[in-house]
Amino acid sequence: MSVTVFVQGRNGVTRWQPSKRWFLLPIMIMVTGTAIYQYSTDRFANQQAKVDENQQLREQQKQQVIELKHATEIQLSTLVTHVAKMQAKITRLEALGQQVAQNNLLDDQFDFHIEVGIGGYSELGTGIELSQLINDMNTLASRIDSNNLQLSLLETVSTNLHIDEERYISGRPIDKGWLSSPYGLRNDPFNGRRTMHKGIDFAGREGADVVATAAGVITWSGSMFGYGELIEIDHGNGLRTRYGHNKSLSVNVGDVVAKGDTIASMGSTGRSTGPHVHYEVLRGGQQIDPQKYVYRKAS
């Protein structure tokens with residue numbers, strides 16, 4: 001289809017017939033405008049999405065910071081509480097050490113009254129100074145080192161003060177029972193021959209406690225021919241004691257026992273006719289009469 005347009009000019013009316021491209025121009029303009037609008041809209045939407053994403057990320061980071069701060073405050077509070085408890089325990093330990101020193105008349109040589117670091121915070125957050133907490137912990141560590149050294153020295157001195165008393169052999173190796181066979185020559189209960197009995201027998205109830213007659217170190221704990229289940233204790237200065245025919249043993253080789261500690265239970269193991277304790281005292285490796293040790297007064 002063609003369109004004819006008449007145009008009035010100076011030389012009269014002129015006929016003009018436009019080409020088909022003129023009719024497509026409005027369509028092209030409309031299509032182009034639509035494309036530009038769509039492009040602008042999509043670009044804005046993308047930018048807005050990025051803005052929203054960044055804002056959401058910042059919110060997440062903010063929440064993480066808040067949670068981290070809260071967790072840190074809880075950990076600091078726990079640490080402060082732990083330090084305070086340690087300070088309280090060390091204070092009690094110092095008091096005990098001072099009391100032990102006084103009891104042994106050594107308080108002029110051991111001084112546990114040193115400056116005590118004071119901790120404990122009532123509030124979290126700005127109330128907790130990390131540098132102060134570290135200082136408290138350093139002070140605490142210094143106090144522990146000092147106390148350990150002083151207590152170790154005090155233990156050594158105190159032990160040396162009482163070692164002679166503890167190593168003093170005296171008394172019977174049983175709490176309840178009776179002397180059933182003395183030291184010396186006797187008729188052997190198995191063959192009737194005259195033989196030397198190198199210890200003292202104390203009879204009693206099976207399972208009764210057998211106790212150490214002095215402090216020392218266990219050098220034998222086990223079966224020995226003739227003695228059955230035997231305990232031997234070294235008391236130093238060449239003195240040892242033996243406790244034979246036990247039913248069961250309560251200590252091991254290397255254990256340190258105090259005077260009066262239970263070391264076994266009475267029995268009838270080995271060469272025995274009934275429940276009893278065969279008790280020996282050895283000096284320089286040779287059995288001697290235990291009677292003077294059994295009946296002498298405790299030091």
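This is a predicted model: local features need pLDDT of at least 70, side-chain atom pairs count only at pLDDT 80 or more; totals for chains, interfaces and linings use all residues.
Q: Is H197 buried or exposed?
A: A residue counts as buried when its relative accessible area is under 20%. The relative accessibility of H197 is 5%, so H197 counts as buried.

Q: Which residues does H197 touch, leaving out those up to four places away in sequence?
A: With residues up to four places away in sequence left out, H197 touches S181, P182, Y183, G184, R186 and H278.

Q: What distance separates the C-alpha atoms of H197 and E280?
A: Along the chain, H197 and E280 are 83 residues apart.

Q: How much space lies in the largest pocket, and which residues are the closest to its centre?
A: The space in the largest pocket is about 490 Å³. This pocket is lined by 25 residues. The closest to its centre are R186, H197, H245, R271 and H278.

Q: Which elements give two or more residues to the lining of the largest pocket?
A: The largest pocket holds about 490 Å³ of space. Two or more residues of its lining come from each of β3 (178-181), β5 (194-197), β6 (200-203) and β13 (276-283).

Q: Where is H245 found, and which residues is it in contact with beyond its neighbours within four places in sequence?
A: H245 is found in strand β10. At 5% relative accessibility, this residue is buried. Beyond neighbours within four places in sequence, the contacts of H245 are G226, Y227, G228, E229, G267, S268, T269, G270, R271, S272, H276 and H278.

Q: What phi does H245 have?
A: Most residues other than glycine have a negative phi. H245 is not a glycine, yet its phi is positive. The value for H245 is about 70°.

Q: Is N237 buried or exposed?
A: N237 is found in the loop between β9 and β10, and it has a positive phi of about 55° although it is not a glycine. A residue is exposed when its relative accessible area is over 50%. The relative accessibility of N237 is 67%, so N237 counts as exposed.

Q: Which parts does the salt bridge between D201 and R186 tie together?
A: The closest N and O atoms of D201 and R186 are 3.4 Å apart. D201 is buried, with a relative accessible area of 6%, whereas R186 is partly exposed at 23%. The two residues are 15 residues apart in sequence, so their pairing ties together strand β6, which holds D201, and strand β4 (residues 184-187), which holds R186.

Q: How many residues apart are E206 and K247, which meet in a salt bridge?
A: The N to O distance in the salt bridge of E206 and K247 is 3.9 Å. E206 is in the loop between β6 and β7 (209-211), and K247 is in strand β10. This pair links distant parts of the chain, with a separation of 41 residues.

Q: Which residues are linked with E232 in a network of salt bridges?
A: E232 forms a salt bridge with R240, with the closest N and O atoms 3.0 Å apart. E232 is buried at 7% relative accessibility, and R240 is partly exposed at 22%. The network links E232 with R240, R242 and E280.

Q: Which residues in the largest nonpolar core touch the most other members?
A: In soluble globular proteins, nonpolar side chains tend to be buried together. Here the largest nonpolar core has 24 residues, and the elements that give it two or more are β6, β9 (228-236), β10 (239-249), β12 (262-266), β13 and α3 (291-294). The members that touch the most others are V210, I231, I233, Y243, V257, I263 and Y279.

Terms used:
Residues are numbered from 1 along each chain as its sequence is written. Side-chain values use heavy atoms; hydrogens and water are left out. On a 1 Å grid over the protein atoms alone, a cavity is a set of points where a 1.4 Å probe fits but cannot get out, and a pocket is an open set with protein on both sides within 12 Å along at least five of seven lines; lining residues have an atom within 4 Å of a point. Grid points are joined across faces, edges and corners, and a volume is the space filled by probe spheres set on the points. A nonpolar core is a set of buried Ala, Val, Leu, Ile, Met, Phe, Trp, Tyr and Cys residues joined through side-chain atoms within 4.5 Å. Buried means under 20% relative accessible area, exposed over 50%, partly exposed in between (1.4 Å probe, protein chains only). A salt bridge is a side-chain nitrogen of Lys or Arg within 4 Å of a carboxyl oxygen of Asp or Glu. Contact means heavy atoms within 4.5 Å.
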